[in-house]
Amino acid sequence: MRRWAAVVCLNVFLQVAAEQRWPVPYRRFERRPAVDSYCEALYPFCPTGDRDGRIPYMRSGDVISVYRLQTPVWEFRYGDLMGKLHIMHDGIGFSSSDRGSNYTMEWYELFQLGNCTFPHLRPDMYAPFWCNQGAACFFEGIDDEHWSQNGTLEKIGELTGDQFNAMAQWVQNDNQTGIYYETWTVRSDPSPNTTVWFESYDCSQFVHRTYKKLAELGVKLSSKTQTNYTKIYLYSGEPVYLGNDSDIFGQPALKNLAMDIRKFYHTFRPHQSFPDIVVSLMEAFETVVLEKSFYIYYNFEYWHLPMKPPYVQITYEEIPLP
């Protein structure tokens with residue numbers, strides 16, 4: 001009851017005058033901020049890519065093949081385990097006939113998926129601390145075995161050097177303004193005409209944006225196989241806006257709400273022992289399914305989701321090429 005009292009009081013207090021747009025637009029920024037030293041990646045981000053995110057310039061007359069790349073998440077460690085659950089990672093490959101070189105382009109988390117999905121609760125900070133940046137990675141070479149053994153490596157089109165260079169400029173601009181990773185897509189129910197409350201912003205979304213840009217540049221893309229992509233859904237009634245860090249964690253009057261958010265994310269804290277994981281799973285079930293409650297952090301702001309069946313769902317659905 002404390003949670004709902006805090007949510008209702010805050011919602012009345014805010015008195016949001018403008019009608020909310022759905023889905024909530026993903027907020028872009030003028031430039032990418034520096035990374036806090038507290039955030040540390042278990043596996044380095046883009047270890048063989050250019051440190052400044054630069055993409056090679058291609059000669060105008062070059063003919064560059066485009067490849068659809070897909071592999072199970074963490075395939076390098078768990079093989080096809082995630083593939084059996086249809087949890088896939090996506091990328092795009094390029095092959096330059098002029099240079100005789102292959103390239104891979106991906107967009108993924110700077111500090112692994114868990115850090116982008118849930119925050120850290122630091123003892124020296126009251127507000128949850130997020131390491132949720134994501135970025136594009138471009139590097140020379142295509143690991144054929146990595147992409148094709150349990151996934152997909154398929155040529156889907158060709159483009160000119162000029163088209164590639166225009167795409168590269170777009171990628172760099174997109175990368176500087178779209179700075180954070182979002183795991184969840186939130187919608188009202190599983191039906192085809194459902195209301196979408198929040199869109200994810202992940203590796204597959206980057207691939208879709210890039211394909212759309214290539215189509216705008218006149219590139220024709222086609223696939224001989226069905227183009228399926230992983231989506232992770234939460235289902236809820238209309239979300240309730242709560243505010244940003246200073247709104248919630250800087251107001252003594254909202255102490256109960258702040259404590260409730262911290263309690264929620266404590267369930268998903270990293271580096272738990274096996275007994276703690278079992279307890280946390282039980283607590284997560286109680287909160288999400290029995291209490292029908294979830295807190296999502298989007299555009300650096302918190303929202304409350306009144307959860308509905310089926311609550312959480314992973315799908316592997318077709319999204320055609322543009």
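A: Leaving aside its neighbours within four places in sequence, Arg68 is in contact (heavy atoms within 4.5 Å) with Gly91, Thr152, Leu153, Glu154, Ile156, Tyr211, Thr225, Gln226, Thr227, Asn228 and Tyr229. This is a predicted model, in which local features need pLDDT of at least 70 and side-chain atom pairs count only at pLDDT 80 or more, while totals for chains, interfaces and linings use all residues. Residues are numbered from 1 along each chain as its sequence is written, and side-chain values use heavy atoms, with hydrogens and water left out.

Arg68 sits in strand β1; strands here are DSSP runs of E with at least two residues, helices are runs of H or I with at least four, and both are numbered from the N terminus. Arg68 is buried but has no salt bridge, and the nearest side chain of opposite charge, that of Glu154, lies 4.4 Å away. Buried means under 20% relative accessible area, exposed over 50%, and partly exposed in between, with a 1.4 Å probe and protein chains only. A salt bridge needs a side-chain nitrogen of Lys or Arg within 4 Å of a carboxyl oxygen of Asp or Glu. As for charge, Lys and Arg count as positive and Asp and Glu as negative, with His and the chain ends not counted.

What does the side chain of Arg68 reach instead? It comes to 3.3 Å from the backbone oxygen of Asn228, and it makes a polar contact with the side chain of Tyr229, also at 3.3 Å. A polar contact is a pair of N or O atoms within 3.5 Å; within protein, one must be able to donate a hydrogen and the other to accept it, and residues adjacent in sequence count only if both atoms are side-chain atoms.

Now for the pairs. Side chains of opposite charge can pair when their charged atoms come close, and by the salt-bridge rule the count comes to 12. One of them joins Glu301 and Arg27 at 3.3 Å, N to O. This pair links distant parts of the chain, 274 residues apart: Glu301 is in strand β11, and Arg27 is in the loop between α1 and β1. Glu301 counts as buried because its relative accessibility is 16%, whereas Arg27, at 34%, counts as partly exposed.

Another salt bridge holds Lys84 and Asp80, with the closest N and O atoms 3.5 Å apart. Lys84 is exposed at 62% relative accessibility, and Asp80 is partly exposed at 25%. Finally, Arg28, Asp174 and Arg209 are linked in a network of salt bridges.
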